[in-house]
Structure formats: C-alpha cells, structure tokens
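Work through the exercises below with the sequence and the model open side by side. Try each task before reading its solution.

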Amino acid sequence: MSDGAETKRLIVGITGASAAIYGIRILELLREVPEVETHLVLTQAARSTIALETDYSFPRVCRLADVYHKTSNMAAAISSGSVPTLGMIVAPCSVNTLSCIAAGITKDLLTRAADVTLKERRPLVLMIRESPLHLGHLRRMVEVTEMGAIVAPPIPAFYQIPGDLLEVVDHSVGRALDLFGLALPGMKRWSTPGRERIAT
C-alpha cells in the first residue's frame, strides 16, 4: 500500500498468550479491507504459540501484514507518535504485556507502540486472554482503562449460531475491530426479528 493522506494504519500486536489465531485472523480479514495498512509486531513467545497452536508458519503470518516490524526494532516507524495510525490492537494480549503497558514499561517494540498509542490518545484495544483472574490482573485492567485503553476479552457470542470455531473467532475479531470503526463485510450482528417469542 502506498503512503499518503488516505492511508489508514492499524498496528496489530500478537503476544504469547494462548489463541494466537485472533491476531492471525485480524490480519487475514483486514486484507479484504484495502484502505487499511496493517503493521505487525509480535513477541518471541508469540512465535512459539503460533507453532504450537496453529498450522501457520512464522513467515506466513508475517506475510499477512502489509508491514512487519521486529520486536527488537525500537527505531521502527510505529515507535513514534509522529506516524499517524488508527490505533493498536493486541490480540491476544498476555497478562505480562498488560502489566507492562499499565506500568508504562516499554521493554520492546510491542509495548513501546502501545505506550505511544496511549500518549497520542489513540484507541488501544487489548484482547486479554487469561482466566480465572486474580486481584492483580483486575487492578492492571483498571489501570490501563483509566489510561485510555479498552479491555476487550474475546468472549464468545452464540446468538449468531456459529457453525464452527472459526466463526466464533471471527465474531470476536469483528467486535474488536468495530472499536476502530472498521466494519468487516459479512459480520453477523444481533437481530431480534424471528427470535422474539412470547412466553405462554
């Protein structure tokens, strides 16, 4: 995608938490939205999770993004607030990454990009993957929310009557991308016609 005023950049972070498929599907689905340029950064732990949980290779995941940044590259464009973006989504987001963001610790490009997103007052969506939650987890969630982030755990919805696991994943991804004003084509939304029944 060529650079320019019309370019809509979205930073996609993938951490080592379980469910790397969420970040992968975001990249795949946004390839169908040509006006959005995806910038991918993932942790070393994410590479391990991708290998363990999916049939995707690391190079294949990188090729899904318009731009791939090494997590060690602190000089990457997305480390600066002067580069305009729609914001950043971390999918999935580990508690370790959540805690670093809450504390303002920028240990790598992923956490630096998240910190920049917050300081520039852009949307930062964290798809937290952890359960059950202890008080420390909950406090970190409150802290990032107070800083301007949106905590959006990938909670399955069943009103769309999913036919398989991928539909469950895609619905959670679609709901998360809604927070950036990005509507995925074909996403099933809540609709009451034909569902309402009067109890007798």
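This is a predicted model: local features need pLDDT of at least 70, side-chain atom pairs count only at pLDDT 80 or more; totals for chains, interfaces and linings use all residues.

**Exercise 1. Classify the contact between F58 and Y68, and state which elements the pair ties together.**

Step 1. Start with the total: the structure holds 2 aromatic pairs.
Step 2. Take the geometry of F58 and Y68. The ring centres are 5.7 Å apart, and the planes make an angle of 85°.
Step 3. Apply the cut-offs. Centres must lie within 6.5 Å, and planes over 60 degrees apart count as edge-to-face. F58 and Y68 therefore form an edge-to-face pair.
Step 4. Place the residues. F58 lies in helix α3 (residues 58–64) and Y68 in strand β3 (residues 67–69), so the pair ties together parts that are 10 residues apart in sequence.
Step 5. F58 has a relative accessible area of 19% and is buried. Y68, with 30%, is partly exposed.

**Exercise 2. Find the residue that lies over the face of F58.**

Step 1. Look at R47. R47 lies over the ring face, at 3.7 Å from the ring centre of F58.
Step 2. Test the distance: the charge must be within 6 Å of the ring centre. R47, at 3.7 Å, meets that limit.

**Exercise 3. Which leucines form a nonpolar patch on the surface?**

Step 1. The members are L133, L135 and L138.
Step 2. Together they have about 250 Å² of accessible area.
Step 3. Locate one of them: L135 lies in helix α6 (residues 135–147).

**Exercise 4. Locate the salt bridge between R9 and E37, and decide whether the two residues are buried or exposed.**

Step 1. The count for the structure is 7 salt bridges. Side chains of opposite charge can pair when their charged atoms come close.
Step 2. The R9 and E37 side chains meet at 3.5 Å, N to O.
Step 3. R9 belongs to strand β1 (residues 8–14), and E37 to strand β2 (residues 36–42). They are 28 residues apart, so this pair links distant parts of the chain.
Step 4. Both R9 and E37 are buried.

**Exercise 5. Describe the salt bridge between E143 and R140.**

Step 1. The closest N and O atoms are 2.9 Å apart.
Step 2. Both residues lie in helix α6. They are 3 residues apart, about one turn of the helix.
Step 3. E143 is partly exposed at 29% relative accessibility. R140 is partly exposed too, with a relative accessible area of 25%.

**Exercise 6. Trace the salt-bridge network that includes R25.**

Step 1. Salt bridges with shared partners join R25, E28 and D170 into one network.
Step 2. Within it, the side chains of R25 and D170 meet at 2.8 Å, N to O.
Step 3. R25 lies in helix α1 (residues 21–30) and D170 in helix α7, so the pair ties together parts that are 145 residues apart in sequence.
Step 4. R25 counts as buried, at 12% relative accessibility.

Note on methods. Residues are numbered from 1 along each chain as its sequence is written. Side-chain values use heavy atoms; hydrogens and water are left out. Rings of Phe, Tyr and Trp (its six-membered ring) pair if their centres lie within 6.5 Å; planes under 30 degrees apart count as stacked, over 60 as edge-to-face and the rest as tilted. Helices (H or I, at least four residues) and strands (E, at least two) are DSSP runs, numbered from the N terminus. Buried means under 20% relative accessible area, exposed over 50%, partly exposed in between (1.4 Å probe, protein chains only). A charge sits over a ring if NZ of Lys or CZ of Arg is within 6 Å of the ring centre and within 35 degrees of the ring normal. Patches are made of residues with over 30% relative accessible area and no salt bridge: like charges are joined within 9 Å, nonpolar side chains (Val, Leu, Ile, Met, Phe, Trp, Tyr) within 5 Å. Accessible areas come from the Shrake-Rupley method with a 1.4 Å probe; for residues, only the protein chains shown count as cover. A salt bridge is a side-chain nitrogen of Lys or Arg within 4 Å of a carboxyl oxygen of Asp or Glu.
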